[in-house]
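Good morning, and thank you for coming. Please look at the structure on the screen while I describe a few of its parts.

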Amino acid sequence: MSALLDSFATAFDALAARDAAGLRDSRQAALDAALRDGIPHARMQPWNSPPLRSLERRVFKAADPSPAPFDAALLADIPAPRIVFVNGRFDAAHTDTHGLPDGVTLQALSQVLAAGEPREANFLARKYERADEIFARINAALADEGVVLRVQSDVRVTSPVHLVFIGTASEGDRAWHLRHLVELRDGAELTLVEHHLGHGAHSHLGNALTHVHLGQGAVLRHARVQDEALGASLFGRTDAVMSRDADYRRLDLELGAGLSRHELNVALHGQGAKLHANGVLLAHGKRHLDTRLGIDHVGRDTACELTWRGLGAGRSKAAFHGGILIREGADGTAAELSNKNLLLSEGAEIDTQPVLEIHADEVQAAHGATVGQLDQ
């Protein structure tokens, strides 16, 4: 077993919330699956880009039980309502939920687990069957903190809700595993901003998994800004499910971290569901940034518009995989993917892989990708 997985197994044995909300068996099964299949190797297609060989030799301690100190000026431009986490721990002192209307619940996952109600935490019991879902499995085993945000039917939240995740220096390298649920019921509307920030030099590992559930006619505007410290390693995954006529508008800015990978998986189940997802990858120095899109058109008359741009400088590497699947019966689908990338140095590398798979009739679908350099 690798040193990385061994440190995760040690953290599992000491996990205070291991049995909370009836999750003991599902957590144990997730850990067993991760230890059995191990870290993916470079020949495994979804993991042929990130440099995991050096990572699997590292050892991370579990997150400290309380949030680490940081300069509060970092929050000066992030207004309420906001919920703050530092090194994977809920920071009640800097959290401010004033301004949330009736019909909106914003909690830390630790609060949900402490209540011990299995129904409120059942999203944590999801199973991950594929061997390449290593960090999702580790998250399922170890996640004891995160955000639970629910918006009731027809509630429109006028002020953006801010989720703030700060990595800061502490004794030793730490790893934390966050699990988030964002649920908008029928007709709800919300603007959500994720901030992933670095405060000082550190080499921690963050592993986050987000579930997004959009009810009929729900509208979610979602911005994610990843600007972590140069030494940080971040693994993020977003799984979204959209109902009839739901509208998901998203922007991802990948600006920081030494090693960063984000998977965006969106299933458009309901007829007329629409996804607009844009993103920017900025790689410089020796950073490695990796983005994978998996868009699944299931319902009729669904639409996605995906626009991603990449910049590479120094000796950095960026990788982009844009996958669109149009299932049988998803007639009337409109899908468009554009990925254009610019190399600013001879040592930089950007790899792009657009994939379009169509099993339905009467669809409009197109994809394009380019990698180039500035004309001298």
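Predicted model: local features only at pLDDT ≥ 70, side-chain atom pairs only at ≥ 80, totals over all residues.

Helix α5, residues 134-142, is largely enclosed by the rest of the structure, because nine of its nine residues are buried. Buried here means under 20% relative accessible area, exposed means over 50%, and partly exposed lies in between, with a 1.4 Å probe and protein chains only. Helices (H or I, at least four residues) and strands (E, at least two) are DSSP runs, numbered from the N terminus.

Residues are numbered from 1 along each chain as its sequence is written, and side-chain values use heavy atoms, leaving out hydrogens and water.

Which residues of α5 are buried? Among them are Ile134, Phe135, Arg137, Ile138, Asn139 and Leu142. The cover over the buried residues of α5 includes the elements α1 (3-13), α2 (24-37), α3 (52-55), β7, β9 (205-214) and β11 (233-242).

Let us turn to β7. This strand spans residues 174-184 and contains His177. Is His177 buried or exposed? His177 is buried, since its relative accessible area is 7%. Leaving aside residues up to four places away in sequence, His177 touches Phe8, Ile138, Asn139, Leu142, Ala143, Asp144, Glu145 and Asn207, where contact means heavy atoms within 4.5 Å. The side chains of His177 and Asn207 also make a polar contact at 3.2 Å. A polar contact is a pair of N or O atoms within 3.5 Å; within protein, one must be able to donate a hydrogen and the other to accept it, and residues adjacent in sequence count only if both atoms are side-chain atoms.

Strand β7 leads us to strand β5. Four bridges join β5 and β7, which run parallel, and Arg150 has Glu183 in β7 as its bridge partner. Strand β5 also pairs with β4 (residues 104-108), in the antiparallel sense and over five bridges; there, Val104 stands opposite Val151 of β5. Two strands pair if DSSP finds at least two bridges between them.

How many residues of β5 are buried? Five of the five residues in β5, residues 147-151, are buried. In a regular strand the side chains alternate between the two faces of the sheet. In β5, both faces are covered, with Val147, Leu149 and Val151 on one side and Val148 and Arg150 on the other.

Finally, consider Leu282, in strand β14 (residues 274-283). Leu282 counts as partly exposed because its relative accessibility is 30%.
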